[in-house]
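Please examine the sequence and the three-dimensional structure shown below. The report that follows is intended to be read beside them.

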Amino acid sequence: MSSNRDIDALIETMAKLPGLGPRSARRAVLHLIRKRALLLSPLAAQMQAVADTARECLNCGNIGSGDVCDICTSEARATGVLCVVEDVADLWAMERSGVFKGRYHVLGGTLSALDSIGPDELRIPRLVDRVKSEGVTEVILALNATIDGQTTAHYIADQLEGQVTLSSLAQGVPIGGELDYLDDGTITAALNARKPL
Ligand code: ZN
């Protein structure tokens, strides 16, 4: 407990962030207060701006600043190619690579019998609609290599069969990876996805 109720409230909220607990939250808040001009004031303004403007794109599920995000409206992005990801964080990861020039579709999770998440809880019906309405010819399934991720990929592949060219990200040895450090599943996936030289 500090001797300032606002500070206590801030620590309590910060402690709910992923990766932070009460101890890290206390240290972070103390650091912010000590760096008021450099960190605390800009952070407060930036958080307010994001709270005011961040919106979920009605088309793809990305987080942007209007009803439809910049990627969906960009003329520079290829129409006809959709990359399907589970979460906005995955979209950001793809964008950091700068390699993909098409558009995205964010599912908002994966199918999960355990958590009662079916196709209608995700943006799968919307994906099927987009394939038809946007004249999509290719769908890349960039889902996580987890059991739920792969179950979801197979379900989507069934829904879109015969309508588009479907592919998924390759699985295997990471760039710079050494075989000795890889787990059995990764080595098996890499061997199964081997390609001719
Ligand atoms: Zn969008």
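## A buried arginine and its partner

With a relative accessible area of 14%, Arg77 is buried; here buried means under 20% relative accessible area, exposed means over 50%, and partly exposed lies in between, with a 1.4 Å probe and protein chains only. The structure is a predicted model, in which local features need pLDDT of at least 70 and side-chain atom pairs count only at pLDDT 80 or more, whereas totals for chains, interfaces and linings use all residues. Residues are numbered from 1 along each chain as its sequence is written, and side-chain values use heavy atoms, with hydrogens and water left out.

Arg77 takes part in a salt bridge with Glu95, in which the closest N and O atoms are 2.9 Å apart. Glu95 belongs to helix α5 (residues 88–97) and Arg77 to the loop between α4 and β3 (81–85), so this pair ties together parts that are 18 residues apart in sequence. Helices (H or I, at least four residues) and strands (E, at least two) are DSSP runs, numbered from the N terminus.

## The salt bridges

Side chains of opposite charge can pair when their charged atoms come close. The criterion for a salt bridge is a side-chain nitrogen of Lys or Arg within 4 Å of a carboxyl oxygen of Asp or Glu. How many salt bridges does a search of the whole structure find? The search finds four salt bridges.

Another of these joins the side chains of Arg55 and Asp67, with 2.3 Å from N to O. Arg55 is located in strand β1 and Asp67 in the loop between β2 and α4, so the pair ties together parts that are twelve residues apart in sequence. A further salt bridge is formed by Glu134 and Arg130, whose closest N and O atoms are 2.8 Å apart.

The table gives the accessibility of residues taking part in these pairs.

| Residue | Relative accessible area | Class |
|---|---|---|
| Arg55 | 39% | partly exposed |
| Asp67 | 42% | partly exposed |
| Glu95 | 29% | partly exposed |
| Glu134 | 28% | partly exposed |
| Arg130 | 0% | buried |

## The zinc site

Which protein residues are the donors of the zinc ion? They are Cys57, Cys60, Cys69 and Cys72, each through its SG atom, lying 2.3 Å from the ion. Donors are N, O and S atoms within 2.8 Å of the metal (3.2 Å for Na, K and Ca); water is not among the atoms, so sites may look incomplete.

The angles among the four donor atoms run from 104 to 115°, and the site of the zinc ion is tetrahedral. Four donors count as tetrahedral if all angles lie between 85 and 135 degrees. For comparison, the ideal angle for four tetrahedral donors is 109.5 degrees.

In sequence, the donor residues follow the spacing C-x2-C-x8-C-x2-C. Cys57, in the loop between β1 (55–56) and β2 (63–64), and Cys72, in helix α4 (residues 70–73), are 15 residues apart, and this pair links distant parts of the chain. Cys57 counts as buried because its relative accessibility is 3%, and Cys72 counts as buried because its value is 9%.

## An aromatic pair

Rings of Phe, Tyr and Trp (its six-membered ring) pair if their centres lie within 6.5 Å; planes under 30 degrees apart count as stacked, over 60 as edge-to-face and the rest as tilted. By this rule, one aromatic pair is counted. The pair consists of Phe100 and Tyr104 and is edge-to-face, with 5.2 Å from centre to centre and 65° between the planes. Phe100 is buried at 12% relative accessibility, and Tyr104 is buried at 1%.

## An exposed serine

Ser116 is not a glycine, yet it has a positive phi of about 55°. This residue lies in the loop between β4 (103–106) and α6 (124–133). Is Ser116 buried or exposed? At 59% relative accessibility, Ser116 counts as exposed.

## The protein as a whole

The protein contains eight helices and six strands, in the order α-α-α-β-β-α-β-α-β-α-β-α-β-α along the sequence. Its radius of gyration is 21 Å, well over the 16 Å that the globule rule gives for 197 residues, so the protein is more spread out than a compact globule. This radius is taken over C-alpha atoms, and the globule rule is 2.2 Å times the number of residues to the power 0.38. The C-alpha trace spans about 65 × 45 × 35 Å along its principal axes. Of the 197 residues, 30% are buried.

The protein is divided into domain 1 (2–53) and domain 2 (75–196), with bounds from an automatic or database domain assignment. The centres of domain 1 and domain 2, taken over C-alpha atoms, are separated by 35 Å.

Definitions and conventions
Tetrahedral: all angles 85-135°; square planar, octahedral: opposite > 155°, others 65-115°.
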